[in-house]
There are 2 protein chains.
Amino acid sequence: MTGADDELSLVFHALADPTRRAILSRLHGGPTTVGELAEPFAMSRPAISQHLKVLERAGLIERTTTAQWRTCTLRTEPLDEASEWVERHRGEWNERFDLLDEHLCRMKGTS
Amino acid sequence: MTGADDELSLVFHALADPTRRAILSRLHGGPTTVGELAEPFAMSRPAISQHLKVLERAGLIERTTTAQWRTCTLRTEPLDEASEWVERHRGEWNERFDLLDEHLCRMKGTS
DNA sequence: CAGTCACGTAAGCAACTCCTTAATCAATGA
DNA sequence: TCATTGATTAAGGAGTTGCTTACGTGACTG
């Protein structure tokens, strides 16, 4: 079984690709069509479409149809959740490292 | 080509699996041996070993050999980098959404 | 209606993931 | 020395990813 389907996994998976991260970066300059989005990448249009599908599945973008254009817009909520997970763990780890530092300092003091 | 090899991609990929996130969570209770780590999971020892290899490749843990035990320790730097990416983008997006809100408010006011 | 533009879906391929079992290695202990 | 313990490596299978080319679809345009 590959590709866990819980929300956090979907988001992290979506972020684990330079092309998709570049798409997101490019996209927060404002809503963009798929064609404009694909232009700077050395990659076929369908490849971009598939990346967008991954981003959409993770809830990171929304696609709306206007005439023959698909406009992609960012959504921020899933990123908030990912951020929360990372920050929570960073915090606890740093606490722990602080304790370790203290311990090491004490050891240096007594040596 | 699957599996981009830049550092950020490796970290996000490592985090994109519930088992690996659980391992990290469990691990920041302190350094732990592979056996202790594997115990709560309904999964073979080698499977855990392979997850640990992914985490190690991302720089999220360090493995040291003491006698026949492999002790896993957390490393926090790669997570800092990931956090930085997420926060940077969250910030810019929120700015943008604020501008959008302003814009919508003006539109409501004039309609 | 025919042609074009914007985009998606389908099919196919090489590479990768995640798990398994079996074999291997390295350290300990009788 | 031989068995046991802790963990990794090897080999393999089911399913996925990331890309390609080819084709399909819906919307404007002449």
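Let's start with one helix. Helix H4 of chain B, residues 45-57, lies across E2 and E3 of chain B, and runs at about 120 degrees to E2(B). Axes here are lines fitted to C-alpha atoms, for helices over the stretch in contact, and angles run from 0 to 180 degrees between N-to-C directions. Helices (H or I, at least four residues) and strands (E, at least two) are DSSP runs, numbered from the N terminus.

A word on the source. This is a predicted model: local features need pLDDT of at least 70, side-chain atom pairs count only at pLDDT 80 or more, and totals for chains, interfaces and linings use all residues. Residues are numbered from 1 along each chain as its sequence is written, while chains are lettered from A and ligands numbered from 1 in the order in which they are written.

Now the sheet under discussion. In chain B it is open, with 3 strands in the order E1-E3-E2 and antiparallel pairing. Strands E1 (32-33) and E2 (61-66) of chain B are at the edges, each with a single partner strand, so one side of each has no neighbour in the sheet. Two strands count as paired if DSSP finds at least two bridges between them. E2(B) and E3(B), residues 69-74, pair over 6 bridges. Thr65(B) sits opposite Arg70(B) in E3(B).

Over to chain A. Strand E2 (residues 61-66) and strand E3 (residues 69-74) of chain A pair in the antiparallel sense, over 6 bridges. Thr66(A) has Trp69(A) in E3(A) as its bridge partner. E2(A) and E3(A) make a hairpin with 2 residues between them. In that turn, Ala67(A) has a positive phi of about 50 degrees.

What is the whole chain built from? Chain A has 5 helices and 3 strands. Along the sequence the pattern is α-α-β-α-α-β-β-α. Two residues are in contact if their C-beta atoms, placed from the backbone, lie within 7 Å. Take contacts in chain A between residues at least 6 apart in sequence: 51% join residues at least 24 apart.

Next, burial. A residue is buried if 20 or more other C-beta atoms lie within 10 Å of its own, exposed if 12 or fewer, and partly exposed in between, with C-beta atoms placed from the backbone. Of the 111 residues in chain A, 26% are buried. His13(B) lies in helix H1 of chain B. Why is His13(B) called buried? Because 22 other C-beta atoms lie within 10 Å. His13(B) and Leu55(B) are 42 residues apart in sequence, yet 9.2 Å apart in space, C-alpha to C-alpha.

A nonpolar core is a set of buried Ala, Val, Leu, Ile, Met, Phe, Trp, Tyr and Cys residues joined through C-beta atoms within 7 Å. The largest one has 40 residues. Those with the most contacts inside it are Val11, Phe12 and Leu60, from chain A and from chain B. Leaving out residues up to four places away in sequence, Val11(A) touches Ala58(A), Leu60(A), Pro78(A), Glu81(A) and Ala82(A).

Last, the two chains together. 26 residues of chain B are in contact with 26 residues of chain A. On the chain B side, helix H1 (7-15), helix H2 (18-27) and helix H5 (77-110) each give two or more residues. H5(B) gives the largest share, 13 residues.

How are the copies related? A rotation of 180 degrees, with 0.0 Å of shift along its axis, superposes chain B on chain A at RMSD 0.1 Å. That is a two-fold axis relation. The same surface serves both copies: 100% of the contact residues of chain B recur in chain A. The superposition is by least squares on the C-alpha atoms of residues with pLDDT of at least 70 in both.
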